[in-house]
Each structure stands twice: as C-alpha cells, then as structure tokens.
Amino acid sequence: MYDKARDFLTIDGLDFGGVLDGDNAFSYSRTGDSVITRVDSSGRIIPFKATDQTGRATINISPGPEGATCLKKLRQLMNTGKQFTMVRDNRNEGGEKATFLKCMVVNDGENGMNSSGEKNARSFEITFERKLEEEGVN
C-alpha cells in the first residue's frame, strides 16, 4: 500500500515530503529512443546510442497545507525560467530513486475544484535534460 509520507521530492535544493497526490502522482518518460538504427549499403542494421537523453515529467501536488510550499516553489521556478535539479526518492516497497538534471517547469496545469468544493491536485509539467535512476530502492 502506498504511503505518501515515504515519498520525498527535492526541488532546487528544498526537501518536500508527503506532497505527491497518490502513487501515480509522478511520471516521466524520455523524449525519444535510447538507440537509433541505420541500414548500411549491404542491408545490415547498425545501432547507435542516441545522444538525446531529454524527457518530460508530470508531478501532481496535493492541494491544501501539505503541498502549499511545494506549489509556491514550482510556480516561482516556472515564472523565473530557472533550471534546477529534482530528486524523487520513493521509499515505498518497489519504489525508486531518480535524479533529474537541468529541469525547467514548462506548464502549471489546471487549477480547479471538484464537485465537493475541494481543490484538485495541481499538475506540473517539467522538462529535464538527463535522468539517473535506481529501481526498486526502499
């Protein structure tokens, strides 16, 4: 069972715990493939390691007091266009630790309320130049 108190974010040197809105509140992917191929004159496929290691992450920050400081920090980074380092350290069973380098907040997502009048989680889109990750870290 996911426990958000065991999931930590470090954004531009500031640590935040318990701010992600659930187990699927943090996702990321590469921009392209890790290997590209070409075909030589004899028809053989030649693999090349792709130099593009960029990607995009989406994080959903909980509404309310637990996420307020994190939301302010992300908005400040978006408004200034500052590059930063981000680390997610998910200490839940099967979690991972991932470091994202040269990040930029490019979109602050929708801001609204659900039918009960409670604020929805806020989604931020972040680009990164490169990531380093450890799978299955507890």
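Predicted model: local features only at pLDDT ≥ 70, side-chain atom pairs only at ≥ 80, totals over all residues.
User: OK, and what does the secondary structure of the chain come to?

Analyst: There are 1 helix and 10 strands, and read along the sequence they follow the pattern β-β-β-β-β-β-α-β-β-β-β.

User: What box do the C-alpha atoms fill, and what share of the residues is buried?

Analyst: Taken along the principal axes, the box of C-alpha atoms is roughly 65 × 35 × 35 Å, and buried residues make up 30% of the 138 residues in the chain. The accessible surface comes to about 8400 Å², with 47% of that area belonging to carbon and sulfur atoms.

User: Let's go to the helix. How far does α1 reach?

Analyst: Helix α1 runs over residues 65-80, and its 16 residues reach 24 Å from the first C-alpha to the last, which is close to the 22 Å expected at 1.5 Å a residue.

User: Which of its residues are buried?

Analyst: Gly67, Cys70, Lys73, Leu74 and Leu77 are buried in α1. Seen down the helix axis, the buried residues of α1 fall within an arc of 120 degrees, so they line one face of the helix. On the other side of α1, the exposed residues are Pro65, Thr69, Lys72, Asn79 and Thr80.

User: And what covers the buried residues?

Analyst: The cover for the buried residues of α1 includes β1 (7-11), β2 (14-17) and β6 (55-61), along with β7 (84-90), β8 (97-107) and β9 (122-128).

User: What happens just after α1?

Analyst: Gly81 follows there, and this residue takes a positive phi of about 70 degrees.

User: Which other residues have a positive phi, glycine aside?

Analyst: Asp12 is one of them, with phi near 55 degrees; Asp12 sits in the loop between β1 and β2 and is partly exposed, at a relative accessible area of 22%. Lys102 is another case, with phi near 50 degrees, but Lys102 lies in strand β8, where its relative accessibility of 43% makes it count as partly exposed.

User: Switching to the core: which residues have the most contacts inside the largest nonpolar one?

Analyst: The largest nonpolar core has 22 residues, and those with the most contacts inside it are Leu9, Ile11, Ile59, Ile61, Leu74 and Met86. At least two residues of this core come from each of β1, β6, α1, β7, β8 and β9, and the largest share, 4 residues, comes from β8.

User: Pick Ile61. What is it in contact with?

Analyst: Setting aside neighbours within four places in sequence, Ile61 is in contact with Leu9, Val19, Leu20 and Asp21, with Gly67, Cys70, Leu71 and Leu74, and with Ala121, Arg122 and Phe124.

User: Val19 is on that list. Where is Val19 found, and is it buried or exposed?

Analyst: Val19 is in the loop between β2 and β3 (26-30), and it counts as buried because its relative accessibility is 2%, under the 20% cut-off. Beyond neighbours within four places in sequence, Val19 is in contact with Leu9, Asn60, Ile61, Ser62, Glu66, Gly67 and Cys70. By contrast, the C-alpha atoms of Val19 and Gly43 are separated by 52 Å, although these residues are 24 residues apart along the chain.

User: Cys70 turns up there too. How many disulfides are there?

Analyst: The count is 0 disulfides. Cys70 is in no disulfide, as the nearest cysteine sulfur, that of Cys103, is 13 Å away, whereas a disulfide needs the sulfur atoms within 2.5 Å. Cys103 is likewise in no disulfide.

User: Last one, Asp108. Where does it lie, and why does it count as buried?

Analyst: Asp108 lies in the loop between β8 and β9, and it counts as buried because its relative accessibility is 17%, under the 20% cut-off. Apart from neighbours within four places in sequence, Asp108 is in contact with Arg75, Met78, Arg122, Ser123 and Phe124. The C-alpha atoms of Asp108 and Ile126 are separated by 9.0 Å, with these residues 18 residues apart along the chain.

How values were computed. Residues numbered from 1 in each chain as written. Heavy atoms only, no water. Expected span 1.5 Å × (residues − 1). Buried < 20%, exposed > 50% of the residue type's maximum accessible area, 1.4 Å probe, protein only. Arc of directions from axis to C-beta. Contact = heavy atoms within 4.5 Å. Areas by Shrake-Rupley, 256 points an atom, 1.4 Å probe, with all protein chains shown as cover. Core = buried A, V, L, I, M, F, W, Y, C linked by side-chain atoms within 4.5 Å.
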